[in-house]
Amino acid sequence: MVKVTRLDTGPCELFLKLENQNPGGSIKDRIGLSMIAAAEKAGQLGPHQKHIVEATAGNTGLGLALVAGQKGYRLTLVIPDKMSQEKILHLKALGAEIIMTRSDVDKGHPEYYQDMAERIARELGGFYVNQFANPANPLAHETTTGPEIAAQLGNRLDAMVAGVGSGGTMAGLSRYFAKALPECEMVLADPQGSILTDYVKSGTLGKAGSWVVEGIGEDFIPPNADLSRVKKAYSIPDSESLDTARQLLKQEGILAGSSSGTLIAAALRYCREQTTPKRVCTFVCDSGNKYLSKMFNDFWMADQGFLPRAAHGDLRDVITRRYSNRDVVTLAPSDTLLVAYARMKLYDVSQMPVLESNKVVGMIDESDLLLAAINDETRLRLPVRDFMSTRLQTVDVKTPVPELLTYLDKGFVPIVMSGDEFIGLITRIDLLNHLRRKLR
């Protein structure tokens, strides 16, 4: 448990319970252990049943994988395709079998992740954990998380801010605090697009939208969800959630995940609204190291439209990586093809400009490397100048955006110039990102 000291908490004290310090890096380790233990006690898992199936946004899967690996169970996880690569790689490293499915469909669709997991368990004869309705989920928080928070804060707590994914955290904490600290106010933090905030405020179920934050927010009311003690709810836009998590790292030194950003943003709103001092608690519910390629990556943030950039009204608005910011991955003519290959792999690019004295003198792409090495791999040690294309397509920074398609269709990567100054490159994905950002 740590106290926030550098963010503006108004007249309140804000405390963060660091669930990112658990072995799997999230609060879901608690329910992974609890649900498997309960299934074993009920005879649903054991020598006769060694296969576990679950639908997860990633973190429950990590908790289950930690326990399943220790007990020798096979684990199959169905995961929506918006989850970070770090989570998926972590799960695979723990030995879990991963099935990816669509994140753009609602409950009732055959590719909805929960429905798919239930169907797979039925077809393969596995034990379907069903964290959304499993009573061992809220029980873990009622018997461990709640008592820990109360003890760490000396039984002095005015408000607890939590989110709802499977519903277990809010339900378990509500039940514990109703007995131990009945004056403690339960506050919901919800991503914008989820139906839960409107349900708390009006009791009606609206239509769900979409959101980037992982692990919380729902398009239905999970059976485990107990919102009866929640009187205050905040709908937090993705941009605010991600920015809050990034500010938490910069100002408090805490590396937190995207859902933690939602929780802390809601807690900060609650704190700043108060007119008298209160003690408030929320979670760092998972580690930000699972999102380094997403919310802590400035290029991803810019591609998603979450990082504000000055508008110029020309092709600078289309370029993701600008040369003036030292964001463009480049080569020198004397670099070898092996260096070019290594940089393509490291930075996930398929072509690079070759610069000499800040002037673009060539372009090289994967095809150039492949043609050079296909009959003699030792040629990868030769310099880029021997294989780069000098047939370049430059465009002025004031060129209309629709004209870019003409060059891209011919296989060129337009090199954007302002007079003699190199501004950057525009690839197909840069143009697509620019067009998608205009939808916001």
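Student: Which helix gives the largest share of the lining of the second largest pocket?
Tutor: That is α14, with four residues. Helices here are DSSP runs of H or I with at least four residues, strands are E runs of at least two, and both are numbered from the N terminus. The model is predicted, so local features need pLDDT of at least 70 and side-chain atom pairs pLDDT 80 or more, while totals for chains, interfaces and linings use all residues. Residues are numbered from 1 along each chain as its sequence is written, and side-chain values use heavy atoms, without hydrogens and water.

Student: Which residues lie nearest the centre of that second largest pocket?
Tutor: R321, Y347, D348, V349 and I429, out of 29 lining residues. A pocket is an open set of points on a 1 Å grid over the protein atoms alone, where a 1.4 Å probe fits, with protein on both sides within 12 Å along at least five of seven lines; lining residues have an atom within 4 Å of a point.

Student: What classes make up the lining?
Tutor: There are 14 nonpolar, nine polar and six charged residues. Ala, Val, Leu, Ile, Met, Phe, Trp, Tyr, Cys and Pro count as nonpolar, Asp, Glu, Lys and Arg as charged, and the others, Gly among them, as polar.

Student: Switching to strands, how are β14 and β15 arranged?
Tutor: They run antiparallel, joined by four bridges; two strands pair if DSSP finds at least two bridges between them. V416 has G424 in β15 as its bridge partner. Two residues separate the strands in a hairpin, and G419 in the turn has a positive phi of about 65°.

Student: Is β15 mostly covered or uncovered?
Tutor: Mostly covered, with four of its five residues buried. Buried means under 20% relative accessible area, exposed over 50%, and partly exposed in between, with a 1.4 Å probe and protein chains only.

Student: What is the strand order in the open sheet?
Tutor: β1-β2-β10-β7-β8-β9, with mixed pairing. β1 and β9 stand at the edges with a single partner strand each, so one side of each has no neighbour in the sheet. Within that sheet, β2 and β10 run parallel and are joined by six bridges.
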